[in-house]
Amino acid sequence: MNKKIFRIVIRNFIRIITLLVAIGIVAFFLIQRSPIDPVQAYIGAGTAVSPEQRENIETYWGLNQPPIEQFFSWGSALLKGDFGISLIYRRPVIDIITEKFVNSIFLMGFSWILSGIIGYGLGLLMGIYREKFPDKILKSICIILISTPTFWIALILLLIFSIYLQWFPIGLSVPIGIMTEEVTFIQRLYHVILPALALSLTCFSTVALHTRDKVISVLQSDYVLFAKARGENTRQIIKNHVIRNTLIPAITLQFASFSELFGGSMLVEQVFSYPGLGRTIVEAGLRSDIPLLLGVTLFSALFVFIGNGIANILYALVDPKIREMNYE
């Protein structure tokens, strides 16, 4: 067992290195084809500079080199742990990523837990009341939410709870006018509740529908029929058989939803002006901040791959058939 798990980890490590190299190459040359002028983005829209000043800026940032030379310069610096300097913030890219990731992980972590609890709870309820009124209503809600754009849900929640009811702040991750070191955990939590709710509402449906199918499958199994014959009531069957056989697959599926979670956070952060990685990557793309855009892209790919890797390992641990089929 340990050797098999070790092989799974090694294969995932090789895959992530290959993935990061491929994403780095594709992202770099796609950015090179961008119509946005990085020099003009650096100096600001509507600002004119002399040809000599423009040449100095290009030389300073290495923009006057051929794309191949720029790529190898960036790649060699990256291998040394140097992600470059952001054109927008005039700071090391790795510092910006670290700072923004703290906000994003707080938002995504809160919504990830929230969507998992809501999704599993509703899936359990739908499976138990299969084809009855609660199941039909909840299943329709899940299907509607899974096909609804994240930004639209975020806008609706913002209009209702922030503008009309004024229960939550309109945006940002901390109160205005307070130093960062003075912000309490309760204040951060108060600012993240609405964005996390908007993000979790579009992520829980997959877990709920998958859990519903697993619950129905368990309730129709022979061992549940045998448990009923032994005199176990509905509560005991749910506790001893349904939850035990559906919880791990639901958690595994939840780990596999990292890509959906990260993609949705980009839209939610824009709507709520939440200063996280999603908003940063949009800003870097619009202002052609190549070092920051590449750094966030690689970090995002790493984040999503780690989530999928954990899901693969959990699948292999839970289901021996998958382990034998994929890793032997």
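## Salt bridges

A salt bridge is taken here as a side-chain nitrogen of Lys or Arg within 4 Å of a carboxyl oxygen of Asp or Glu. The model is predicted, so local features need pLDDT of at least 70 and side-chain atom pairs count only at pLDDT 80 or more, while totals for chains, interfaces and linings use all residues. Residues are numbered from 1 along each chain as its sequence is written, and side-chain values use heavy atoms, with hydrogens and water left out.

The whole structure holds 4 salt bridges. In one of them, Arg 212 pairs with Glu 131, with 3.5 Å between the closest N and O atoms. Because Arg 212 lies in helix α9 (residues 204–219) and Glu 131 in the loop between α5 (93–128) and α6 (133–146), the pair ties together parts that are 81 residues apart in sequence. Helices are DSSP runs (H or I, at least four residues), numbered from the N terminus.

## Helix packing

The axes of α12 (residues 258–271) and α13 (residues 277–286) come within 7 Å and cross at roughly 75 degrees, axes being lines fitted to C-alpha atoms over the stretch in contact, with angles from 0 to 180 degrees between N-to-C directions. That makes α12 roughly perpendicular to α13, a term for angles of 65 to 115 degrees, whereas those over 145 count as roughly antiparallel. Phe 262, Met 266, Glu 269 and Gln 270 of α12 make the contact (heavy atoms within 4.5 Å) with Leu 277, Gly 278, Arg 279, Ile 281 and Val 282 of α13.

For α10 (residues 222–229) and α11 (residues 234–255), the axes come within 11 Å and cross at roughly 170 degrees, and the two helices are therefore roughly antiparallel. Here Tyr 223, Val 224, Ala 227 and Lys 228 in α10 meet Ile 237, His 241 and Asn 245 in α11.

## Nonpolar surface patch

A nonpolar surface patch of about 1200 Å² includes Phe 151, Trp 152, Leu 165, Trp 167 and Leu 267; patch residues have over 30% relative accessible area and no salt bridge, with nonpolar side chains (Val, Leu, Ile, Met, Phe, Trp, Tyr) joined within 5 Å. Accessible areas come from the Shrake-Rupley method with a 1.4 Å probe, and for residues only the protein chains shown count as cover. Helix α7 (residues 150–164) gives the largest share of the patch, 8 residues, while Leu 165 sits in the loop between α7 and α8 (185–201).

Notes: Angles under 35 degrees count as roughly parallel, over 145 as roughly antiparallel, 65 to 115 as roughly perpendicular and the rest as oblique. Patches are made of residues with over 30% relative accessible area and no salt bridge: like charges are joined within 9 Å, nonpolar side chains (Val, Leu, Ile, Met, Phe, Trp, Tyr) within 5 Å.
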